[in-house]
Amino acid sequence: MARVRSAAISFAFALRLALSLRFALGAGSARLRGQTPLPVTPSARVPRMDLTRLTPGQFVYETVLEHDITSTALGTRTVTATQTTYNGINSWLLVEAKTGGTIAELDSLILEQTALRPLHWASTINRAHLGVEFRNDSAFGGTNAPAGQRSVFSAVPPGAMINAAMLEMVLRT
């Protein structure tokens, strides 16, 4: 029974990873299939943000399912933004933690402070792990789960939103 459950969790992690990468890196994958991208000016590809308005903080959300007159707490989502350094670069560390449900999750993303360019992404769902490094227009890393290990390589278009915490941070500007 435990083996079936861990396989289901591994499959759920792999599905979430695939959907996340497809969403975050979708514009870059069009080039990989041989399609010709539309000509776009560099200023149109990057979202416009006032980065001076970003401040460290913590945001806590509680998910509740309401049906008729009953309420059921499903869990808590906490997003924390702090300033840090990564390889000598001033950066933002975005940590998203989901607890209280059947599956605990921890997601961290390190962004360059001046342009919000992704530098490192790590995610854990139970025993499944993801680690991705970003360089220029590329992402590379790997996954490790009870079902096995896999490598990840992909193109990253400018202005890509890597995870929900990054999107939330940009929307707060």
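**Strand pairing in a predicted model**

Arg135 stands opposite Ser138 in S7, at a place where strand S6 (residues 128–135) and strand S7 (residues 138–145) pair in the antiparallel sense over seven bridges. Strands (E, at least two residues) and helices (H or I, at least four) are DSSP runs numbered from the N terminus, and two strands are said to pair if DSSP finds at least two bridges between them. This is a predicted model, in which local features need pLDDT of at least 70 and side-chain atom pairs count only at pLDDT 80 or more, while totals for chains, interfaces and linings use all residues. Residues are numbered from 1 along each chain as its sequence is written, and side-chain values use heavy atoms, with hydrogens and water left out.

**The chain as a whole**

- The protein chain holds three helices and eight strands, and along the sequence these elements follow the pattern α-α-β-β-β-β-β-β-β-β-α.
- Of its 173 residues, 33% count as buried, a word that stands for under 20% relative accessible area, with exposed meaning over 50% and partly exposed the range in between (1.4 Å probe, protein chains only).
- The accessible surface of the chain comes to about 10800 Å², and carbon and sulfur atoms account for 59% of this area, as computed by the Shrake-Rupley method with a 1.4 Å probe.
- Among contacts (heavy atoms within 4.5 Å) between residues at least 6 apart in sequence, 37% join residues at least 24 apart.

**Confidence**

- The mean pLDDT, the predictor's confidence in each residue on a scale from 0 to 100, is 79 for the protein chain, with 72% of the residues reaching 70 or more.
- Over residues 1–9 the pLDDT is below 50, and this stretch has six contacts in the model beyond near neighbours in sequence.
- Residues 23–32 also have pLDDT under 50, and for them the model has 16 contacts beyond four places in sequence.

- The hairpin formed by S1 and S2 has two residues between the strands, and Asp68 in its turn has a positive phi of about 55°.
- S2 is in turn joined by 11 bridges to strand S3 (residues 89–99), again in the antiparallel sense, with Val79 opposite Glu96 in S3.
- S2 and S3 likewise form a hairpin with two residues between them, where Asn87 in the turn has a positive phi of about 55°.

**Strands S6 to S8**

- Two residues lie between the strands in the hairpin of S6 and S7, and Asn136 there takes a positive phi near 50°.
- Eight bridges join S7 to strand S8 (residues 148–155), the two running antiparallel, and Phe140 stands opposite Phe153 in S8.
- A hairpin also links S7 to S8, again through two residues.
- Arg150 lies in strand S8 and counts as exposed because its relative accessible area is 63%.
- Leaving out residues up to four places away in sequence, Arg150 touches Gly141, Gly142 and Thr143, while the C-alpha atoms of Arg150 and Leu130, 20 residues apart in sequence, are 9.5 Å apart in space.

**A charge over a ring**

- The charged end of Arg172 sits over the ring of Phe59, 3.6 Å from its centre, where the rule asks for NZ of Lys or CZ of Arg within 6 Å of the ring centre and within 35 degrees of the ring normal.
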